[in-house]
Amino acid sequence: MIYTLKEMVDVILSSMDSDEVNSIGDTTESNQVALLIKTVYYDIASQLDLPEHNTKIELIPSGAAARPTIMSLPTNCARLEDVKYDMKTKEETYSHYEPVNFVDFDTFLVRQQSLTEQTTGVGNMEVTFNNDTISMMYYTDRFPSCYTVIEDSTLIFDAYDSTIDTTLQSNKTLATGWIYPDFILSDTFTPSLDPTQFSYLLNKAKVRAFSELKQMDNREASSESRRQHIQVQKNERRTPHYPEVLKHNSRFGRK
């Protein structure tokens, strides 16, 4: 069953023998319950890696010619899994995306520093992180083949083709990542969950509401929440999917 935020607040208030409300903002308690449901929802999204939150994303370019090979993650990206870039040349008609491989920072830095021996087809930029500024070289005559990560959200690529673009372009990236979905504190808002996952959210929120707002245990809701947690994990996907051995491993994630 699918619930709106108002309906979930009503269920939890009723279970706590609290007053009915016409809107989630009517009382301090109803607003607290709504905020609590929001917190639990994000806990579930992070805990279960729900497949509906795994999606294609576009990276954000630096927008500065002085930093052409730097891009960043969208603020709602919880984890990046892989990156592809459109390697279409001027002579080609159709796009074709090729993987860009992740390289750890130290290895990447050594590879890029070796470009100092080249006199053409390379560029140099200043990169600042952890209050330090370093000089980073890059190719200017080819598509990117690898990238590294700094500050857990900034991606530095090894190259870009200056004959096509002034910087790496957002609309040419095709990345896969886990997105933290929006949660709107509105009566009519419906969280992005499968119908079978709503009961888990509701019971987990009910357990926390009793604990934090009433300083009481709700053993029935707690037991049901544990049972549904196991069931949700077993049935996290509603469509056929690849065997575990074919799934991509995460390359890095936010802590």
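Visitor: Just after H1, which residue takes a positive phi?

Guide: Keep in mind that this is a predicted model. H1 covers residues 5-15, and the residue to look at comes just after that helix. Its phi is about 60 degrees, and the residue is Asp17.

Visitor: And how wide an arc do the buried residues of H1 cover around the axis?

Guide: The buried ones in H1 are Leu5, Lys6, Met8, Val9, Ile12 and Leu13. They sit on the same side of H1, because the arc they cover around the axis is only 160 degrees.

Visitor: Let's move to strand E4. How many of its 10 residues are buried?

Guide: E4 spans residues 77-86 and is largely enclosed by the rest of the structure. Arg79 is buried, and so is Glu81. The count of buried residues in E4 is nine.

Visitor: What is the N to O distance in the salt bridge between Asp165 and Lys172?

Guide: Side chains of opposite charge can pair when their charged atoms come close. Asp165 has 17% relative accessibility and Lys172 has 15%, so both fall under the 20% cut-off and count as buried. Their side chains meet with an N to O distance of 2.8 Å.

Visitor: How far apart are the closest N and O atoms of Arg79 and Glu81?

Guide: Here we're back with two buried residues, Arg79 and Glu81. They form a salt bridge, and the closest N and O atoms are apart by 3.7 Å.

Visitor: Last one: what is the volume of the largest cavity?

Guide: The structure holds one cavity of 30 Å³ or more. Its lining includes Tyr85, Phe143 and Ile164, along with Asp165 and Lys172. The lining residues divide into six nonpolar, one polar and three charged. As for the volume, it's about 50 Å³.

Definitions and conventions. Residues numbered from 1 in each chain as written. Predicted model: local features only at pLDDT ≥ 70, side-chain atom pairs only at ≥ 80, totals over all residues. Heavy atoms only, no water. Buried < 20%, exposed > 50% of the residue type's maximum accessible area, 1.4 Å probe, protein only. Helix = DSSP H or I, 4+ residues; strand = E, 2+ residues; numbered from the N terminus. Arc of directions from axis to C-beta. 1 Å grid on protein atoms, 1.4 Å probe; cavity = no way out; pocket = protein on both sides within 12 Å on 5 of 7 lines; lining within 4 Å. Points joined across faces, edges and corners; volume = space filled by probe spheres on them. Nonpolar A, V, L, I, M, F, W, Y, C, P; charged D, E, K, R; others polar. Salt bridge = Lys/Arg side-chain N within 4 Å of Asp/Glu carboxyl O.
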